Amino acid sequence: MAASALAWLLLWAAGLVGRLAADISDARFSDGKGVRATCSEIILRQEFLKDGFHRDLLIKVKFGESIEDLQTCRLLIKHYIPTGLFVDPYELASLRERNITEAVMVSESFNLEAPSYLSTESAVLIYARQDAQCIDCFQAFLPVHYRYHRPHKKDGDTLIVVNNPDLLMHCDQEFPILKCWAQSEVAAPCSLKSEEICQWKNMQYKSILKNLTVQVPVGLTIHTSLVCSVTLLITVLCSTLILLAVFKYGHFSL
């Protein structure tokens, strides 16, 4: 009798320990700390290439897991372009035709000629491609251009801040990395060549830079009179030379 009671007591204790271990495991998974501690990080880095008013924005994403496990996955970057910059949709169309990049504007009301103080933030979808030089990396390329800025009174430069983009991921099968870093689901086209809508996972990642900044030279208000006078003088001079050439070399018939 005593032996039977002891056996039941041991079984009950073992079951209790098992349930506690399962609860702890579930809790660690639900709060993200336990699983995320064992998950490799997703690292994003973006930088500007070239100089001048026409730049190329390069975005690189590195996964800690082998790319062999992610071959069925696609990566979509949703970037928000600040008012100080713009992306030319006609240029994007030309780059898509030449298979240089896969990007499309999301914003409908968009003015290429508007200065920064009259424009609004725009959004671009960029379908990243696997990096041939890095086995577990993706990269995306986006040409951007500076807008005209309001002149300043003293400082001849202005600073544009480019925030980090949204990183969306879609896989044909479940991977641990999705359970680790997926925050929400976003509906977006599966590809540029398809009208099918996929449910993309909005992924949490680690950025090398908190925000990307770029310095843009702007005019000074104290130069307004000088610039207007010189512009008017050159306009009158050129118009006069054109009229003289027309009357001298032109052939008129009455």
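**Reading a predicted model**

Reply: Lys62 and Asp136 form a salt bridge, their closest N and O atoms being 3.0 Å apart. A salt bridge here is a side-chain nitrogen of Lys or Arg within 4 Å of a carboxyl oxygen of Asp or Glu. The model is predicted: local features need pLDDT of at least 70, side-chain atom pairs count only at pLDDT 80 or more, and totals for chains, interfaces and linings use all residues. Residues are numbered from 1 along each chain as its sequence is written, and side-chain values use heavy atoms, with hydrogens and water left out.

Me: Where do Lys62 and Asp136 lie in the chain?

Reply: Helices (H or I, at least four residues) and strands (E, at least two) are DSSP runs, numbered from the N terminus. Lys62 belongs to strand 2, while Asp136 sits in the loop between strand 7 (129-130) and strand 8; the pair, 74 residues apart, links distant parts of the chain.

Me: Is Asp136 buried or exposed?

Reply: Buried means under 20% relative accessible area, exposed over 50%, and partly exposed in between (1.4 Å probe, protein chains only). Asp136 is therefore buried, at 10% relative accessibility. Lys62 counts as partly exposed because its relative accessible area is 38%.

Me: Which residues are in contact with Lys62, leaving aside its neighbours within four places in sequence?

Reply: Contact means heavy atoms within 4.5 Å. On that basis Lys62 is in contact with Glu41, Ile42, Ile43, Cys134, Asp136 and Cys137. A separate reading uses C-alpha atoms: Lys62 and Arg45 are 8.5 Å apart in space and 17 residues apart in sequence.

Me: How many salt bridges does the structure hold?

Reply: The structure holds six. One of them joins Glu102 to Arg129, with the closest N and O atoms 3.3 Å apart. This pair also links distant parts of the chain, Glu102 being in the loop between helix 3 and strand 5 and Arg129 in strand 7, 27 residues apart. Glu102 is partly exposed because its relative accessibility is 25%, and Arg129 is partly exposed at 26%.

Another salt bridge connects Asp56 with Lys50, the closest N and O atoms being 3.2 Å apart. Asp56 counts as buried because its relative accessibility is 9%, whereas Lys50 is exposed at 55%.

Me: What is the phi of Lys50?

Reply: Backbone angles are read residue by residue. Phi of Lys50 is near 70°, a positive value in a residue other than glycine. Lys50 is placed in the loop between strand 1 (42-49) and strand 2 (54-63). Asn99, likewise not a glycine, has a positive phi of about 60°. Asn99 lies in the loop between helix 3 (89-97) and strand 5 (103-105), and with a relative accessible area of 52% it is exposed.

Me: Which residues have the most contacts inside the largest nonpolar core?

Reply: A nonpolar core is a set of buried Ala, Val, Leu, Ile, Met, Phe, Trp, Tyr and Cys residues joined through side-chain atoms within 4.5 Å. The largest has 40 residues, and those with the most contacts inside it are Phe63, Val124, Leu142, Met169 and Ile177. Strand 8 (residues 137-146) supplies the largest share of this core, five residues. A second, separate core of eight residues includes Leu76, Leu125, Ala188 and Trp200.

Not counting residues up to four places away in sequence, Val124 touches several residues, among them Ile77, Val87, Leu92, Val104 and Leu142.

Me: Which residues form a nonpolar patch on the surface?

Reply: Patches are made of residues with over 30% relative accessible area and no salt bridge; like charges are joined within 9 Å, and nonpolar side chains (Val, Leu, Ile, Met, Phe, Trp, Tyr) within 5 Å. Accessible areas come from the Shrake-Rupley method with a 1.4 Å probe, and for residues only the protein chains shown count as cover. Leu226, Val230 and Ile234 form such a patch, with about 270 Å² of accessible area together. Val230 lies in helix 5 (residues 224-249) and is partly exposed at 39% relative accessibility.

Me: Which residues does the UniProt annotation "transmembrane region" cover?

Reply: The annotation, from an unreviewed UniProt entry, covers residues 220-247. In the model this span is 86% helix and 0% strand, and its end C-alpha atoms lie 40 Å apart.

Methods:
UniProt positions renumbered as here; feature names shortened; annotations may be inferred.
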